[in-house]
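User: Hello! I am new to this structure and would like to learn how to read its helices. Could you walk me through it step by step?

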Amino acid sequence: EPNDVDRAIEEFRKSLEIDPNHELTLQNLSAALSEKGDQKELSETLAKLKAVNPNNAAIKKLETPDQ
């Protein structure tokens, strides 16, 4: 089945309402936003992820998509 990116983003946002610094949720939300092509919110979410863990391995990949 195809990914339902919008629903995934909605669920990640709900999770972050409970714990705004949950690293894996921030990482997964960033990936979903990248897939959707929402660069503005992706930048904001990556900034939060960097604040939580600047060494998160996904950051570099998400900052330079398609590589």
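Analyst: Let us begin with a pair of helices: the axes of H1 and H2 come within 9 Å and cross at roughly 150°. That makes H1 roughly antiparallel to H2, since angles over 145 degrees count that way. Please keep in mind that this is a predicted model.

User: Which two things describe a pair of packed helices?

Analyst: Two packed helices are described by the angle between their axes and the distance between the axes. For H1 and H2 there is also a hand to report: their crossing is left-handed.

User: Which residues of H1 and H2 meet?

Analyst: On the H1 side they are Val5, Asp6, Ile9, Phe12, Ser15 and Leu16. Their partners in H2 are Thr25, Leu26, Asn28, Leu29, Ala32, Leu33, Glu35 and Lys36.

User: Can we look at one residue in detail? What does Phe12 touch?

Analyst: Phe12 belongs to helix H1. Leaving aside residues up to four places away in sequence, Phe12 touches Thr25, Asn28, Leu29 and Ala32. Phe12 and Ala32 are 20 residues apart along the chain, and their C-alpha atoms are separated by 9.2 Å.

User: Now H2 itself. Which of its residues are buried, and how are they arranged?

Analyst: The buried residues of H2 are Thr25, Leu26, Leu29, Ser30, Ala32 and Leu33. Around the axis they cover an arc of only 165°, which puts them on the same side of H2. Their cover includes H1, H3 and H4. After H2 comes Gly37, with a positive phi near 90°.

User: How do I check the length of a helix such as H3?

Analyst: Compare the expected span with the distance between the ends. At 1.5 Å a residue, the 14 residues of H3 (residues 39-52) should span 20 Å, and the end C-alpha atoms are 20 Å apart, so the two agree.

User: Which residues of H3 are buried, and which exposed residues are on the face turned away from them?

Analyst: Glu41, Leu42, Thr45, Leu46 and Leu49 are the buried residues of H3. Seen down the axis, they fall within an arc of 135°, so they line one face of H3. The face turned away from that buried side carries the exposed residues Lys40, Lys48 and Ala51.

User: What do the buried residues of H3 pack against?

Analyst: They pack against helix H1 (5-18), helix H2 (23-36) and helix H4 (57-63).

Note on methods:
Residues are numbered from 1 along each chain as its sequence is written. This is a predicted model: local features need pLDDT of at least 70, side-chain atom pairs count only at pLDDT 80 or more; totals for chains, interfaces and linings use all residues. Side-chain values use heavy atoms; hydrogens and water are left out. Helices (H or I, at least four residues) and strands (E, at least two) are DSSP runs, numbered from the N terminus. The expected span of a helix is 1.5 Å times one less than its number of residues. Buried means under 20% relative accessible area, exposed over 50%, partly exposed in between (1.4 Å probe, protein chains only). The arc is that of the directions from the helix axis to the C-beta atoms. Contact means heavy atoms within 4.5 Å. Axes are lines fitted to C-alpha atoms, for helices over the stretch in contact, and angles run from 0 to 180 degrees between N-to-C directions. Angles under 35 degrees count as roughly parallel, over 145 as roughly antiparallel, 65 to 115 as roughly perpendicular and the rest as oblique. A crossing is left-handed if the near helix is turned anticlockwise from the far one by less than a right angle, and right-handed if clockwise.
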